[in-house]
Structure formats: structure tokens, C-alpha cells
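Have your viewer ready and your selection tool at hand. Here is a short walk through one chain and the place where two of its parts meet.

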Amino acid sequence: MFSVRIHGRGGQGVVTAAELLSAAAFVEGLQAQAFPSFGSERMGAPVLAFCRVDTRPIRLREPIAEPDAVVVADPTLLHHVDVFGGLAGDGYMLINSMHTIGELGLQELHERHHPERVVSVPASEIARACLGRPIPNVALLGALARLSALISLGSLEAVVRERFSGTAAEGNIAAARQAAAQVAELAHA
Amino acid sequence: MSRPPEQRERFYQTGTLAVGGRLLAEEQRTVQAGESRANAITKGHRACQGCGEALGARYVLDAAMRATGGQVIAANATGCLEVFSTPYPESSWRLPWIHSLFGNAPAVASGVAAALRAKGRASEVRVVGQGGDGGTVDIGMACLSGMFERGDDVLYVCYDNQAYMNTGVQRSAATPPAARTATTEPLGGHPGNELGQGKSAPLIAMAHEIPYVATATVAELRDLEAKVIRAMSFRGPRYLHVLVPCPLGWGSDPAQTIRIARLAKETGLFPVFEALHGRLAAVSQIRRKLPVEEYLRPQRRYAHLFADGGRPDLVAALQAQADRNVQRFGLLAEAEPREGDLLHVLADGERGP
Amino acid sequence: MREQIEGSQAVAQAVARCRPEVICAYPITPQTHIVEALSRMVRAGALAPCEFVNVESELAAMSVAIGACAAGARAYTATASQGLLYMAEALFNASGLGLPIVMTVGNRAIGAPINIWNDQSDSMAMRDCGWVQLYAADNQEALDMHVQAFRVAEELSLPVMVCMDGFVLTHAVEPLEVPSQEQVDAFLPAFAPLQLLDPADPVTIGAMVGPEAFTEVRVLAHAKHMQALDAIPRIVGEYEQITGRPSGGLLDRYRCDDADTIVVALGSVLGTLEETIDELREQQGAAIGAVRLKTFRPFPRQELAQAIGDAERVIVLERAFAVGAGGIVTDNVRAALALAPDQAGGPDRARAPDRARAPDPARAPDPARVQDQGRPRLHTVIAGLGGRAITRRSLRGLLRRALAGDLEELYFLDLRAEVVERELERARKGVSGPHAESILRDLRMVMAGPV
Ligand SMILES: Cc1ncc(C[n+]2csc(CCOP(=O)(O)OP(=O)(O)O)c2C)c(N)n1
Ligand code: SF4
Ligand SMILES: [Mg+2]
């Protein structure tokens, strides 16, 4: 079982991200489950979404308290919410930010963790460039795909094409690729 | 158990009128411009950016507080206003406030008014009931009509954002023709919400011949305040229907809430008027009549009217509705204001196309 | 075809394949995704000649369904929580009139305090309104149950409520298989109403009945429910033949054979519960099993008594709570366990006309043990109220406590006892108000800093 917790704010497509992730895993023949943290959130409020992926059918329905990966779509949450709570020692952390992990004040965390698994990517900027709108969700999934190898970029692209049409699909795919490339670059740096 | 000391309210600049108001004599200033305003719904609530309902409620309740010397009890229906103002363990309300159910706010308000009568406090303490359009014109209509008919001393305020926003933008009986909602998608030749006249809660209220009925928008906040203060000068049932754009449900720019509310009025789609005892008493005239398209285009809920060839027929139908309002209510200076009793006009069979 | 799809969308598709003719709905979280999806399908013409009616309240929603069904249309609606209670009067009416309406309940708590999250207080409050109540453990079962529900409803002229946990199921995306149109058509014949408003053959529906016959009418309604106890397994069997998928039914046993502790539960908690049971069996060889209750009305007394057999300990895990009394499901379980084996069918049941299966004596409780040792010990555990997550961790703690013999008769899972204590203390001092508000006041004080 591999579990992912995504933190963001209403309007960033966090719930969609978890759904797309589960759909991509499904395409790869895996079992997957996605669900939101169920709130009455309005635009801008903190939101949470979860995704579990496994080779066996998934019966668990509790929120994910001990994720293998955490994605933070809005770095301002770093100061409000315990986004890394319960993260496995060798877990992945992906933060949407133009700043480096050090600049975000997470150096200590970085060092305690496997440093190559703690990454920031400017997903909103990438999305703005590729899509015209700073909706970071699909770009973050591209980065996560590259970071964790949980899903392939190919399956992500397939489900993005299914979910969106025309320029929205192509823009999101371009964003996912670009974010994935940046993660790959970081890994080699 | 001690509470932190009350803070002196800071002065907020809320718009040109409010600031301009400082130059006026105290009694001429807007309620919001005054340092003594009640902040009945105070900062920190969770409404979306640009929420017309939050803005409208603030002005309405502060004005009601001003008119009564702070002696107001509010009964709120379920809906965005209730949800965004009372996220446990916080509350934005600085007046006595009760939320019971979705469909019963007018009756709860009636109950509060009855208790005040029984306790001999009805002359000092006044009651405001409030809810969204769904809570008012749909599920709450029976309780509202009962409250009117019994003559209870309640001001009921409907914040009309033209759909069930709290549950994710479904159609209500106040959703205008052709608007897209989650239950009126423009699919299979359907135009969005079906064409028709919809349900006018203000006209229904007038049919009860209650002392005071008025409509307003958040574009004219001074007018809104004045109407609340006027309403509080009457006894018995009163009804105020306020158009409050919802950026989320309308797909409009949060920064354009006021402008869109103004366009609703200036196109004639939302007539702003007052009625006394069932008779039309005053209308806010349109300064410069604009085509409905100017109002429709900035809202994504109407996007299907303009995408790929568009639906000029539907735009024309909405234009006809606006034109009819202009006629019926005498919204233009040059238009001959319709005489007296609007319901008579209705009874005369002018029920539109 | 298996798809990765949200529970609500899958239910909407399943309902769509049942060829409903009138769908009416009033929005309420967490039911909205289902009816929005159906409204889109109707608008796109995919369900023609189906009508979608946007009504002005839940009372109207159920009333439109009543009128539509009486006029011969297959009718469907969905609601939750406040909305279900808002229809209460019409719910009793629909079942009293014997109208086979199918409704989804996206289970959600009831206010005050207002709460949009999951528990089962809503459908449990309406347990005695005369509807068949099915509880889905997962989304596959939820969508299958909808198709089955139309068959059960129409065969017996009884309305059926399919209860699925709000958010936990309605908003979860998982791999699901919606039966194909051909499969549903093979399973579900066109609606042939037993009573029909039709000028060609005028009937009166809903006449007044006085003391001379009212009791008999109620007993007949009960008899119909008893028939449902036989009809449901049969219909579910046919469904399995067509789809190749066992799903739904009265109840199911999970690792009960050698279990001396059995947890009775319904709804979405079952998956997490079973994971926990597996874990405890593996780690400490604990002999724990679960009974998955799927049909709550009619209550399968005999089947339940058999499934529990002579287990030592029964824990009823409930997502609703009868204030002033305790567990709702527990009371039903207790009544089932009190059945002597020769009445395990119940006197009422024996007379049900097409009662096919005889009780299985092997699993029937030994009356001597039941009587003289007060076995099994029955515990009520109230969990997951108002959306509090039921986690493996808490279930593990709960089951360990039970195995150690330390579990109280009435236990609240993950209760913040100190909050309750503080509030009770306040009440003893005579300063109390509505609890939620008092707790709110408490937290305010905390936020105001040290005072
Ligand atoms: C009996 C009942 N049915 C449905 C609901 C769900 N519900 C809560 S708020 C709401 C929509 C409110 O719409 P409106 O009154 O227009 O207020 P808005 O949120 O748009 O301001 C709905 C449908 C409920 N709380 N109670
Ligand atoms: S959804 Fe609309 S009405 Fe509700 S808080 Fe947001 S802007 Fe206001
Ligand atoms: Mg509304």
C-alpha cells in the first residue's frame, strides 16, 4: 500500500488531483482509492485529499494519518497545518513553491529525511505558463510521478486527457511534463 | 470567567460613499461610516472573496442595530450565511442570533416575537429573520407566508444569490431563466434554467398586503441601509429582498460583485422598489439603461449564451424580461410610472409573453 | 466494465440503467453529486422519457415521488440528514400506501448542532417508517443495491431506502463495476404497478381507515416485510447469476466460524473493521469475526441469531445513538438473540407464505447457554458520530479492550471524556446551557490566553 495526502486550498484542484492519481494507478492495473477530507470549505479554505494505491483491493476507509507521500499545493499552509504529520521516515515531500526547501525554512526536515525525497517545484508558475491559470494540481502530479515512480507520466497523461478536453488537457500535460523534468533535474543536481 | 476587554472598533474604509459620509453630519452618514456601527457580523467569517451575501448581511444588520439602539434578535436559516459565520468554535455574530433549520427561519422569528410580546419586551426588542433565496422562496415559503399573514412583528430579509450556494450551486425558484446551475446544465438543447417568469418573492409578499416590502442590491448600500431603517420604523411583518451576487455560483470576478449587482439593476433585470401595504410606493430609477448582455457576459453561469454562435434567442428573451420590468415598474425616468397597485396590474392579465 | 469512479457517479449510473421515469430531488450535502449527475443525464436526453423535477423541499420531493409512483412511473429520489427528516410524514405515507419508490440516503448526522458529516442517525431515526432499509458496506455494494432495490420494491410494493455513508462512500473514488444496460434489463422487468391512477379503471388510493381495520393494515405491512426476508436473498441470488457478483443480501459473516467475539456492524466501517480483525487474528490469534448487516428493515432476526451462533461476546458497532436509551441496532440484536431456536423463524415469519429456507440448527444458539450464562455478552459501541473518523487504531484498541474483558456495556469510541466531564461539572454548578455552545465558550477562553 502506498498512500498520499494532498494539502491545498479550495480552488487549487486538490480533490481532482487525488482522483486523477487514483485513476492513473487504475490505468496501470493497480487498486486505488481517492477521497477528500470532507468539509464545508469555501474558496481559499484549507482542503485535504487522500489517495491509496495497492496491489490488493482496498478495504480501509480511514483518513490517511501516516502517508508515504505528502503534496503541499499551497506553501502558506506550512505555517498553519501540520502538513508533514505522520509522514513515513523515508516518505516523499513535494511542495509547490518557487523557493528551495532551504528558503522555505525546511532545511532541518530536509536533512533528517532522505534529502532527495524532499522537493519543491514551482507548480503554480508552471501551470500559469502552460495553462494560463495557476492551477497547480496536474503539474504536481507530474512531479510526484517522477519523484516517487508511483505512476508513470504516460498513465497520468491518459487520465488527464480523459478528464479534460482540448487546450486544458494539453496545457495540463505540458505542465506535468515540465514539473517532472524539473524534479529530474533536481535529482541530478 | 473573563473576556478580553472590548476593543474600540477600527475604522474601515468601505467605499467612496462611506468615506464621503465623514464629511456629512452624523445623522446623514451611512451606518457603516460611523464609528458606532455595531459590527453585528464581524470580521473573520469564512465567506468567499467578494461574497455579496456577507456584504449585504453586514449592512442590513448594522442598520437594524442602529435603528433599534442595538435591540435586535436575529433568526437565521441554514445556508451560506449561517455556515460561513459560525464555523465551530467561532461565531461572527455580535448580536443574539439563532439558527434552527433550513425551512423554518420565519417561524422561529415569529416565535421570538411572540415571546417578546409575552414578556412585555416587544416595544424595545425587535426581530430580524433572514435566509438565502432557497431558504426563503422554496423551502421556507410556507412559514414566511404564515408569518406575514399573522401580522407578526418581524423584518424578514432574503439574501438572493439566485441558487442554493451552500450545497454547491443548485437551482432554486429564484434562479433566473437561462442561468446554469448544477441541476440546470445547458445540455441537450436546454437553455440552462428553463425560461419563464420564475417566482417573485417580493410580489408574493406584497400580495399579503404587509406594511412594507422593498428590494435592494449590494450596489447601492446607502439605499439598502435606508430601507432597513425605514423597515424598522414600521410594526408588523416586513420583507426586504436583497440581490447579492455570488462569485462562486455566478462565475464572476470577486472584485466585480458590486458592479454586477449594479448591472442587474441598470439593465432592468432586478427592479429596485418599495411597496407599502401591497401598493408600489417608490422605484429606484435606472440611471442609464444598459443592454442585458453587459450584465450577462461577465458571469460564467451565462457563458453558454455566448459560446460558439451563442443563443441570441435566449439573450433576447432575457432582454424582453428586462424591458418588461422597465415597463411594469416604471424604471426609466421617461417611462410612465405604472399606477399604484402593482398587483392590479398583474391581475389585469399582463403576465408577459 | 470496471471504471475508477466516484461512488455518487456510480450510483447515478446504476439508477439510470434502471430506467427511472420520474426523478425528483432537493439538494442536500452529501447527496448532491448523485442527483446532479442524474439531472445532467436527463437533460442530455440520455434517459428519455424520464422527467427530472427540481422541487422546493424534501417534503415535495417525496410527495412528487408518491404521485408519480401512484400514476405508474418508476420513481427515484435521494436525500440525507435534515432532508430525510423533513420528509418524515411522506415517508410513512409512501410505505403505508405501498408505493415502490427507491431512495438513496447519503447518511449524515442530524442537527443541532448542525453537522454535514457522516453518521447514520438520519436513516436510523426513520427505521420504523415502513421502508425496507439496506446499508451498503462499500460503493460496489451501494450501486448493486440500487438495482436490487427496484426489484425488491416492485415485487413487494414496498419503498426501499438504500443507505450509504455520506462522504466516506458518496465522495470516494474507487474501481467499480456498474452493471450494463443489458444486465439490468435482464434483471429488472418494466414496472407493473399493482395500483394505478388511471381514468380507464378508477381506483382510490389512500382512503381513511378506522379502528376496525387499522391494526390489520399494520400487520399486513409487517407480513410484507417478513416476505421481504425471503425475497431479498432470492433476488440477490438472481442478481449474482446475471452479474457474476455476490452483493447485498440480508447479512454476511466474516471469519465467524471459530470466532468467540463477533462484531456486528453496518455500512462503510466494515472494510476498516475487517482489516483490523485480520491484523489481530494474525498478531495475537484473536478469534474475532464480523457480521455485516446489510438489511436492517426488515430485521433478519433469525439469520442474525444463526450468524452469531454461540459466540461469547457480541459487540454492536453503531454509527447512531439513541439519546436516553443507548444502541439502536443493539436492541434489535438482543431481541434476535433472545429467540428460542424453535421460534428462530418467529411466529410471524413461519406464516410468511413463500418462506423457503429452514433455520440451520447447527448455527442456532444453544438455549441453555443463552439463558444460564447470559451469553453472549452484548456490548454497544457508538462510533463515528458527526463524521469522527473510525480508524484502525481505535478499532484495534477497542477490540483489545474487549478481548481483555474490559469493555463496558455502552462504550463511546474515541470519546474526549475530559470535555464531557468539564461540561458535566459546570452543569453541577448550575451554569450550563446548550452543550456545544458551552464548549465553544470554553475554547474561546483558551484562545483569549491565560486568564
Ligand atoms: C431540510 C433541509 N434540506 C436541505 C438542506 C440542505 N441545505 C442547506 S443550505 C442549502 C442551500 C441554501 O441555499 P439558499 O437558501 O439560497 O442560501 P445560500 O447558501 O445560497 O446563501 C441547502 C439545500 C437542509 N439543511 N435542510
Ligand atoms: S458560495 Fe457564494 S454566497 Fe456562499 S460564501 Fe461563497 S460567495 Fe458567498
Ligand atoms: Mg441562495
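The stops below go from the domains to the interface between two of them. Keep in mind throughout that this is a predicted model.

**Stop 1: the domains.** Start by colouring chain C by its domain assignment: domain 1 covers 2–243, domain 2 covers 251–412 and domain 3 covers 421–451. The C-alpha centres of domain 1 of chain C and domain 2 of chain C are 27 Å apart. Where they touch, domain 1 of chain C contributes 32 residues and domain 2 of chain C contributes 29 residues.

**Stop 2: the buried surface.** Between domain 1 of chain C and domain 2 of chain C, about 2,400 Å² is buried, and carbon and sulfur atoms give 56% of that area. Next, select M124(C), L229(C) and D230(C) in domain 1 of chain C: these lose the most area to domain 2 of chain C, together 23% of what their side buries.

Stop 3: Then show the side chains of K294(C) and E141(C), which form a salt bridge at 2.3 Å, N to O.

**Stop 4: the domain 1 side.** Select α6 (121–125), β6 (132–135), α7 (139–156) and α9 (214–243) of chain C; each supplies at least two residues to the side of domain 1 that touches domain 2. The largest share, 10 residues, comes from α9(C). Finish by colouring that side of domain 1 of chain C by class, to find 17 nonpolar, eight polar and seven charged residues.

Notes:
Residues are numbered from 1 along each chain as its sequence is written. Chains are lettered from A and ligands numbered from 1 in the order in which they are written. This is a predicted model: local features need pLDDT of at least 70, side-chain atom pairs count only at pLDDT 80 or more; totals for chains, interfaces and linings use all residues. Side-chain values use heavy atoms; hydrogens and water are left out. Domain bounds come from an automatic or database domain assignment. Contact means heavy atoms within 4.5 Å. Buried area is the accessible area (1.4 Å probe) that two parts lose on being put together, summed over both. A salt bridge is a side-chain nitrogen of Lys or Arg within 4 Å of a carboxyl oxygen of Asp or Glu. Helices (H or I, at least four residues) and strands (E, at least two) are DSSP runs, numbered from the N terminus. Ala, Val, Leu, Ile, Met, Phe, Trp, Tyr, Cys and Pro count as nonpolar, Asp, Glu, Lys and Arg as charged, and the others, Gly among them, as polar.
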